[in-house]
Amino acid sequence: EAQLSFELDTLDAQNTLQSSAAKGNAAGDIYKNSIAQLNNEIADLNAKVTASKRQIDIYSEQIFNLQADDDGSLLESYEEAKEDYEEADKENEMTFVAKQAAYLEAKEAYESYVENLKTLQEQMTAQEEKVIAYQLEIEGTKAELTRTTLEAKQTYETETITGSIASDTYEYARGTLEEAVVEAQTAVEEANEKLTDFETFVGDGSVYAQSDGLIMSVNYETG
């Protein structure tokens with residue numbers, strides 16, 4: 001019964017040890033996969049930030065060139081053409097039509113410039129907003145990376161401790177069982193030796209005196 005109990009304890013400790021090792025390995029695999037995935041996400045987001053910043057530089061250069069090429073002349077031409085058109089003598093048809101055409105042309109050029117400038121500024125703003133969103137997402141992913149790392153570390157340490165305890169329990173149980181078996185074997189051997197000595201002493205069951213003479217008493221009882 002004692003041997004069976006020891007064997008069951010040993011088997012239980014061995015199973016716990018194997019289970020802890022398996023959980024520790026699984027936690028390690030999950031950690032590695034999670035870290036790899038999160039690092040890939042961060043790398044992808046950083047690439048998007050770089051692309052958006054590059055696009056911002058392009059838009060910024062285009063806005064600069066557009067404003068440098070104009071230097072305020074389109075607005076000035078538009079205002080002058082508008083004033084001339086509004087003051088034009090409608091009775092002089094040729095002059096009026098010419099000033100009207102000049103006004104419309106200046107107006108279209110200025111409005112086109114304003115529209116192009118507005119579009120470029122909106123596009124640049126959109127890219128700037130993307131950069132901010134990507135950076136926030138990167139910070140969130142880094143926080144998730146930290147959390148995942150801590151969780152994996154805690155799981156690994158827990159399973160390592162559990163495995164260490166199971167290993168100690170297993171070794172103790174195995175050692176105790178071996179000691180119990182040795183003790184039992186020793187006891188059996190000693191019992192066999194005593195039995196052999198007794199059988200040698202008893203012989204065929206008869207009691208013999210060591211010398212001739214009258215038997216006064218018997219120091220042995222039946223059985």
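**Figure 1. Arg147 and Glu151 form a salt bridge in which the closest N and O atoms are 2.5 Å apart.** In this predicted model, Arg147 and Glu151 both belong to helix H3, where four residues, or about one turn of the helix, lie between their positions. Glu151 is partly exposed, with a relative accessible area of 38%. Salt bridges with shared partners join Glu144, Arg147 and Glu151 into one network. Side chains of opposite charge can pair when their charged atoms come close.

**Figure 2. The side chains of Glu144 and Arg147 meet in a salt bridge, with a distance of 2.4 Å from N to O.** Glu144 and Arg147 are separated by about one helical turn, because they are three residues apart in helix H3, which covers residues 93-202.

**Figure 3. Lys48 forms a salt bridge with Asp44 in helix H1.** The closest N and O atoms of this pair are 3.6 Å apart, and the two residues are four residues apart along helix H1, which is about one turn of the helix. Lys48 is partly exposed, with a relative accessible area of 34%, and Asp44 is likewise partly exposed, with a value of 40%. A search of the whole structure finds four salt bridges, and the one between Lys48 and Asp44 is among them.

**Figure 4. Thr148 lies in helix H3 and is in contact with Tyr31, Ser34 and Leu38.** These contacts leave aside the neighbours of Thr148 within four places in sequence. Is Thr148 buried or exposed? Thr148 counts as buried, because its relative accessibility is 12% and buried means under 20% relative accessible area.

**Figure 5. Ser52 is found in helix H1, which covers residues 2-70, and is buried.** The relative accessible area of Ser52 is 4%. Which residues does Ser52 touch, when those up to four places away in sequence are not counted? Ser52 touches Gln127, Lys130, Val131 and Tyr134.

**Figure 6. A patch of negative charge on the surface gathers Glu76, Glu79, Glu80, Glu83, Asp84, Glu86 and Glu87.** One of these residues, Glu79, lies in helix H2, which covers residues 73-87. Glu79 is partly exposed, with a relative accessible area of 46%, and it therefore falls between the limits of under 20% for buried and over 50% for exposed.

**Figure 7. The whole chain has three helices and zero strands, and its elements run α-α-α from the N terminus on.** Of the 223 residues of the chain, 18% count as buried. Among the contacts in the chain with a separation of 6 or more, 86% are accounted for by residues 24 or more positions apart. The accessible surface of the chain comes to about 16900 Å², and 52% of this surface belongs to carbon and sulfur atoms.

Terms used. Residues are numbered from 1 along each chain as its sequence is written. This is a predicted model: local features need pLDDT of at least 70, side-chain atom pairs count only at pLDDT 80 or more; totals for chains, interfaces and linings use all residues. Side-chain values use heavy atoms; hydrogens and water are left out. Patches are made of residues with over 30% relative accessible area and no salt bridge: like charges are joined within 9 Å, nonpolar side chains (Val, Leu, Ile, Met, Phe, Trp, Tyr) within 5 Å. Accessible areas come from the Shrake-Rupley method with a 1.4 Å probe; for residues, only the protein chains shown count as cover. Lys and Arg count as positive and Asp and Glu as negative; His and the chain ends are not counted. The place of a charge is taken as NZ of Lys, CZ of Arg, CG of Asp or CD of Glu. Buried means under 20% relative accessible area, exposed over 50%, partly exposed in between (1.4 Å probe, protein chains only). Contact means heavy atoms within 4.5 Å.
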